[in-house]
Amino acid sequence: MEIVLVGLNHLTAPVEVREKVSFTSEQAQRAGEELRARGILEETLVLSTCNRSEVYGVPPESSHECAPGLSTFLSEFHSVRADILGVSLYHHYDHEAVRHLFRVAAGLDSMLLGEAEILGQVREAYRFAHEHGATGPVLNRLFQGALEVGKRVRTETELGTRPMSVASAGVKLAEHIFGKLNGHKALVLGAGAISEQVVASLRDRGVAQLQVMNRSRERAEELAKQFNGKVIDWGEWDVALQLPDVVVSSVSAEEPVLRRDIVQRAMAARGNRALFLMDLGVPRNIAPDVGEVYNVYVYNTDDLGEIVQQNRSARESEIPKAQGIVDEHVAKFLSWQASVELVGLVDALRMKMREERASFIQARMETMKHLAETDRAHVEKLMDEMLEKLLLKPAERLRGEKKLRRKIQNVEALRDLFLSNREKP
Amino acid sequence: MGYTRNAEESGELRTEGPPVACASPDYPVAAVQRMNHVFPILTALAYFLSFGLYVRFLSTGSKLTGRLGTALLGLGLIAHYFALLERPRGLHTVPYHDLSGSMSLIGWLLAVTYLGLELYHRQRSVGAFVLPIILVFFLVGHLAPADRLPPPAAHGAIFALHVTLSILAYAAFALSFVLSLIFLGEERLLRRHKVGEVVWRLPPLELLAQMSQSSVLVGLVSIAIGTSLGFITVDRLEGQHSYFDPKYVTTLLLLVLYAVYFFLARTTAWRGARASKLCVFNFVIVVFNFTVVGFFLSHGHRYF
């Protein structure tokens with residue numbers, strides 16, 4: 001019932017190695033099947049994202065013994081030289097593997113601290129492996145625990161609530177002015193890469209209508225097509241500013257393209273409905289005095305960058321709280337694991353004692369032939385009762401008392417003490 | 001509208017209550033002292049704890065803390081309800097008979113209105129700002145000495161509804177005042193790019209404006225129906241009272257001012273901070289109506 005984890009991530013491997021060791025769904029399925037068929041693992045689960053590739057498993061023997069085989073398998077499976085892969089791979093066993101997975105699900109091990117996507121990726125990897133029969137009782141319990149950790153960290157801490165990029169900070173600010181963005185409209189000035197990033201975020205938040213305005217109409221049409229938007233001719237400010245609630249600007253221009261008089265005219269036409277202007281251009285695309293217009297909110301790259309910086313510190317301050325949740329669940333999982341193992345151990349002990357009793361009686365009864373058959377049966381029954389009494393109470397206590405299970409740190413030592421290798425469950 | 005004329009003159013005396021109600025000058029004080037104080041203590045405790053939890057929710061964002069704050073507010077509301085029943089029972093009168101009762105009732109209705117808004121809009125961060133006001137109304141209401149006033153001349157279900165709806169309107173306007181103040185503060189911080197921890201946890205500006213408008217709508221409907229019921233009550237007491245009261249003027253002024261706010265905040269160039277400022281101004285008139293007009297100018301009304 002041990003757990004092994006072999007993998008690499010953004011901290012241990014450069015992108016050139018990570019991309020070679022990533023798994024598609026089919027590859028994940030095939031790798032799991034091969035690992036089980038070769039007897040390296042009994043349960044398998046492959047977690048593959050753009051920043052990590054990890055194989056979780058339950059080996060038939062000791063986890064430490066199966067790790068080299070697992071590394072070799074990965075090297076062969078992805079056709080990557082073992083020496084290159086070797087320096088990038090990390091191995092975790094048992095409670096370290098559990099802790100690692102729970103940290104991953106919590107977003108504590110992500111490149112972007114507290115990112116939300118990883119929990120979805122863990123959930124998907126588990127669903128996929130479970131559906132293909134790759135997981136068993138141990139990995140099922142482990143991944144259900146990981147999902148619970150991820151959920152708790154997201155609801156009980158603020159690790160993932162603050163935006164960490166200029167684009168997402170802008171979108172979050174827009175939500176802070178307008179509430180949910182469903183039904184709101186947006187205008188994009190300029191059709192560069194930054195605009196695209198913000199537009200994608202806005203679309204994710206359900207922005208109802210998107211307008212694109214760019215000097216090059218061709219590029220504007222491209223972006224509008226990509227996000228199902230509408231193109232407006234460059235310079236048609238009165239039309240362009242009438243509907244949107246959010247304006248994202250990233251135009252290459254020496255002078256501001258949005259001046260105070262343009263915005264004032266637009267605000268009068270739109271009945272002073274609030275307008276959020278996100279200026280991502282350098283030099284600035286929006287004249288500084290536009291921010292003085294009533295009900296207009298202007299944020300430039302520096303303003304948004306400052307928010308991102310504040311959020312980074314705020315997220316870091318949430319790490320101890322998230323780590324506390326991880327520790328709590330690691331202890332919970334280990335307690336469950338110990339209870340299963342201990343109950344198995346007690347059952348094995350009971351079996352062994354019955355066998356011992358049988359051979360003991362066999363040997364001793366030869367010298368007690370004078371006893372009647374009923375007396376012999378009575379002696380055997382008494383011995384059975386004594387053995388049951390000796391084992392039943394500890395077994396019941398192990399099932400019922402969490403604290404006792406936690407106290408028993410090394411089940412393996414108990415096994416070694418009472419059972420020979422052949423008899424280990 | 002609580003009429004302070006001698007009840008015996010009106011011929012519409014309340015039938016319930018002991019005959020000694022006003023016989024002894026020490027009666028109200030002694031009656032208050034004899035009351036069971038469990039519910040007021042429970043209410044104060046629940047409100048205080050709820051306030052603490054709402055503040056903690058605002059500073060940490062812990063959802064569990066927020067939910068506990070709401071639960072304690074609910075508990076406080078129940079205890080407050082029984083505390084409200086206790087006092088009039090002890091004094092053998094209605095809760096709005098005196099200033100204490102009216103204040104306490106405003107606090108209770110404010111809490112009810114706020115809880116309704118919180119549940120409807122799923123926004124808890126405003127609780128930290130509303131709870132102190134609820135607490136002040138409750139504590140002042142329950143710690144203030146009882147008045148030695150004769151029972152009001154008017155009575156009956158219509159009169160009770162008139163007073164309750166008027167007080168509900170004041171509570172709703174108080175809530176819209178708090179929401180408008182939060183709007184103005186948050187808007188100022190956003191415009192100055194000072195987006196700190198607390199700002200992220202406050203409701204979005206548009207939602208705050210909506211909440212304020214919902215609250216004003218509740219107040220407007222309540223005061224409109226309440227005032228109409230007040231005129232029906234006056235009509236029943238026809239011939240016994242003067243029809244003119246400065247309270248009518250200020251109440252009608254309030255109706256107009258809040259209706260104007262409601263219109264401006266939704267449709268015109270006034271939306272946003274300007275509408276919120278108007279809402280704050282309107283509440284000044286509410287306070288004026290409740291205090292100066294109620295205490296010094298009105299001859300037919302008491303505290304509502």
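Reply: Happy to! Let's start with a definition: a helix axis here is a line fitted to C-alpha atoms over the stretch in contact, and angles run from 0 to 180 degrees between N-to-C directions. Two packed helices are described by the angle between their axes and the distance between the axes. Please keep in mind that this is a predicted model.

The pair to look at is in chain A. Helix H5 (residues 94-106) and helix H14 (residues 319-365) of chain A have axes that come within 9 Å and cross at roughly 140 degrees. Angles over 145 degrees count as roughly antiparallel and 65 to 115 as roughly perpendicular, so H5(A) and H14(A) are oblique to each other. The crossing of H5(A) with H14(A) is right-handed.

Which residues make the contact between H5(A) and H14(A)? From H5(A) come His95(A), Val98(A), Arg99(A), Phe102(A), Arg103(A) and Ala106(A). H14(A) answers with Ala322(A), Ile325(A), Val326(A), His329(A), Val330(A), Phe333(A) and Leu334(A). Sorted by class, this contact has nine nonpolar, two polar and two charged residues.

Now look at the sheet in chain A. Four strands make up an open sheet in the order E2-E3-E1-E4, with antiparallel pairing. Strand E2 (43-48) and strand E4 (90-93) of chain A are the edge strands, each pairing on one side only. On average, neighbouring strands of this sheet are turned by 15 degrees against each other, direction ignored. Inside the sheet, six bridges join strand E1 (residues 4-9) to strand E3 (residues 52-58) of chain A. Helix H2 (residues 25-37) of chain A lies across E2 and E3 of chain A and runs at about 150 degrees to E2(A).

The loops of chain A deserve a visit too. Ser79(A) sits in the loop between helix H3 (63-77) and helix H4 (82-88) of chain A. Although Ser79(A) is not a glycine, its phi is positive, about 55 degrees. Ser79(A) is exposed, because 7 other C-beta atoms lie within 10 Å. Asn272(A), in the loop between helix H12 (260-269) and E9 of chain A, is another residue other than glycine with a positive phi, near 60 degrees. With 19 other C-beta atoms within 10 Å, Asn272(A) is partly exposed.

Asn272(A) also leads us to Tyr294(A), which touches both Met267(A) and Asn272(A), not counting residues up to four places away in sequence. Tyr294(A) and Met267(A) are 27 residues apart in sequence, yet 8.3 Å apart in space, C-alpha to C-alpha. You will find Tyr294(A) in the loop between strand E9 (275-279) and strand E10 (296-300) of chain A. Tyr294(A) is partly exposed, with 16 other C-beta atoms within 10 Å. Pro283(A) is also placed in the loop between E9 and E10 of chain A, and the peptide bond from Val282(A) to Pro283(A) is cis, with omega near 0 degrees.

Finally, meet the partner chain. Chain B has eleven helices and zero strands. Contact between the chains involves 17 residues of chain B and 17 residues of chain A. On the chain B side, helix H4 (63-91), helix H7 (157-191) and helix H9 (205-236) each supply at least two residues.

Note on methods. Residues numbered from 1 in each chain as written. Chains lettered and ligands numbered in written order. Predicted model: local features only at pLDDT ≥ 70, side-chain atom pairs only at ≥ 80, totals over all residues. Contact = placed C-beta atoms within 7 Å. Buried ≥ 20, exposed ≤ 12 C-beta atoms within 10 Å, placed from the backbone. Pairing = 2+ DSSP bridges. Parallel < 35°, antiparallel > 145°, perpendicular 65-115°, else oblique. Left-handed = near helix turned anticlockwise from the far one by under 90°. Nonpolar A, V, L, I, M, F, W, Y, C, P; charged D, E, K, R; others polar.
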